[in-house]
Amino acid sequence: MTTGTNSSRKMAGTAALLALAAILPLAVTEPSQQNFLILILMGAQMGVAWNIVGGYAGQVSLGHAVFYGIGAYTSTMLLLTLGLTPWIGALAGGLVAAAFALAMGWPCFRLKGHYFAMATIAVAEIMQILVTNSDALEGAVGLYLPMDQSGWGVLIFLSKLPYYYVILGLLVLTVLVSWAIERSHIGYYFRAIKDEPEAARALGVSLTRYKLIALTVSAFLTAMGGSFYAQKEMFIDPGSVFATTISIKIALIAILGGVGRLTGPVLGAVILITIEEYSRTLFGSTGSGTDMIIYAAMIILVAVFSPSGVLGLLGDLRRHLPGAKPDTVKAEKMEIRP
Amino acid sequence: MNTAPLLAVDGLGKAFDGLVANRDISFIVHHGEIIGLIGPNGAGKTTLFNCLAGFHTPTTGRIAFEGHDITGSTPEAAAALGIARTFQIVRVFQSMTALENVMVGAMLRNKRVAEARERAEDELAFVGLSHRADTPASDLTVSEQKRLEVARALATEPKLILLDEVMAGLNPTEVREASALVHRIHQRGIASIIVEHVMEGIMPIAHRMLVLDYGAKIADGTPAEIAENPAVIAAYLGE
């Protein structure tokens, strides 16, 4: 599928994009605008992580906030109680989330399609209630990160710029993991499971094993995103990291951009976060809840007009241009099978 | 040297709730043999396939593969042991190219992508689909998709391949090609069990025929013997 010139052109494109991202804050110096860029990178990182299980392997999770929250709470609790640096805290959060993914995936993957998605919602809801009622985790009050420290050791900064580079680094890491999976036999197995699970089994692919791999890796990376959120906001509570709206946002970013492809979630994040932020400035505090309206509208638009997301739409347009060469690989459609 | 037959099925039965789809079926397949499995619609041929390939757990009886009991094993375990299958209604991986489909099969024995690709290219050539390697599987004709499933199954390096109606819907030329393909699979030392309604495709190449009716085996013999068997004639034409 990837011929030599094609993949080297892709490589060059990626390098150019990365260089652009690295120098972008030099042009965008306004803190609120830098914050906006950070939000886009955070969204992209979530989407790319979700795409591993929801896109490639086709197991639609609507409960990814559970991993996000576990990441945020683990690194924050380790920092507050043991003074452990978030560099290690984020890895610990990833490991806890991965272990949790194994434990929840085992029963949940006995369910297929819609039923799996519903089970993931339930798990995330239960977790939010448990944390809200946990005294050890300060319940609904939430956790504050230390305001009197800053620097690379505690990953707390007074300016936005360091946060920008940290999340850019995390996004690059997430993309690299995703890319490595896509190119290995695991990526092929994921797509086989998504397309025709019974045929995959007949070729020796263990559905449970590979779905668990997908969920575990995705959970690990999502949790690291959660840890970053805590470091950036310096305050977390169950409503801000375990909420179902976060689960939906994570999935929607990938679905909007185009599932099962590396660049889809990045594109989805740019579009979704831009709309979200503009609506926030437009409607102000009176517009709380507008984000849910926007999510709903986008889900409908994607479902009706382009099940393969914006990337799929672009692909269709390119095919219809005069003199265009047809794509050999078709855009993948977002499909949930019962 | 392993003296056990490749496949030994003994008293196999499968019931779905009250409905008995297979009853007391026993037969043996030797290494490299071509077995035709025929019978009227609803005779239980596909159910038998599903039991052999690990998709159904038999209600009664035993299945031994190279002397090992594999009754009720999973499809992935059966594939790992060397039992490959195709599906009556094709199940190619739609989002992949033809080559990638076959690579997934080759990855059972070799997880390295580049080596799986080489192996897959060989198998595509074997079934005559090299020119379609980079075509999305969903764009192939049904006849090509059936051959793609054969290539994908062969890429798992099976000792036994279960072919479910690979000749259905083919024109006479294609049927001859399909028969030749089965014969070449035999020449590679791979045994095959072929469910087929297309008699002119299966009769000339099968070493032995099994006939099912109402879930039970009613005949087992060479194609010539089967053609003269009164029970078989009765099953097909009515008494």
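A:Leu155 lies in the loop between strand 1 (143–144) and helix 6 (161–183) of chain A; helices (H or I, at least four residues) and strands (E, at least two) are DSSP runs, numbered from the N terminus. The model is predicted, so local features need pLDDT of at least 70 and side-chain atom pairs count only at pLDDT 80 or more, while totals for chains, interfaces and linings use all residues. Residues are numbered from 1 along each chain as its sequence is written, with chains lettered from A and ligands numbered from 1 in the order in which they are written.

Although A:Leu155 is not a glycine, its phi is positive, at about 55°. A:Leu155 counts as buried because it has 24 C-beta neighbours inside 10 Å. A residue is buried if 20 or more other C-beta atoms lie within 10 Å of its own, exposed if 12 or fewer, and partly exposed in between, with C-beta atoms placed from the backbone. A positive phi, of about 45°, is also found at B:Asp24, which is not a glycine. B:Asp24 belongs to strand 2 (residues 19–29) of chain B and is partly exposed, because 14 other C-beta atoms lie within 10 Å.

In chain A, A:Arg209 is placed in helix 9 (residues 207–233). With 12 C-beta neighbours inside 10 Å, A:Arg209 counts as exposed. A:Arg209 and A:Trp106 are 103 residues apart in sequence, and their C-alpha atoms are 9.4 Å apart in space.

The largest nonpolar core contains 165 residues; such a core is a set of buried Ala, Val, Leu, Ile, Met, Phe, Trp, Tyr and Cys residues joined through C-beta atoms within 7 Å. The residues with the most contacts inside this core are A:Ile167, A:Tyr189, A:Tyr210 and A:Ala214. Helix 9 of chain A supplies its largest share, 14 residues. At least three residues also come from each of domain 1 (1–82 + 159–239) and domain 2 (83–157) of chain B, the bounds being those of an automatic or database domain assignment. Neighbours within four places in sequence aside, A:Tyr210 is in contact with A:Ala57, A:Ile186, A:Tyr189, A:Phe190, A:Ile193 and A:Val205; two residues are in contact if their C-beta atoms, placed from the backbone, lie within 7 Å.

Helix 12 (residues 264–283) and helix 14 (residues 309–320) of chain A pack at an angle of about 105°, with their axes 8 Å apart. Axes are lines fitted to C-alpha atoms, for helices over the stretch in contact, and angles run from 0 to 180 degrees between N-to-C directions. Helix 12 of chain A is therefore roughly perpendicular to helix 14 of chain A (65 to 115 degrees; under 35 is roughly parallel, over 145 roughly antiparallel and the rest oblique). A:Gly264, A:Leu267, A:Gly268 and A:Ile271 of helix 12 meet A:Gly309, A:Val310 and A:Leu311 of helix 14.

Between the chains, 26 residues of chain B are in contact with 22 residues of chain A. On the chain B side, two or more residues each come from helix 2 (75–81), helix 3 (98–106) and helix 4 (113–126).

Within chain B, the centres of domain 1 and domain 2, taken over C-alpha atoms, are separated by 23 Å. Their contact takes 21 residues from domain 1 of chain B and 15 residues from domain 2 of chain B. On the domain 1 side, the largest share, 5 residues, comes from strand 7 of chain B.
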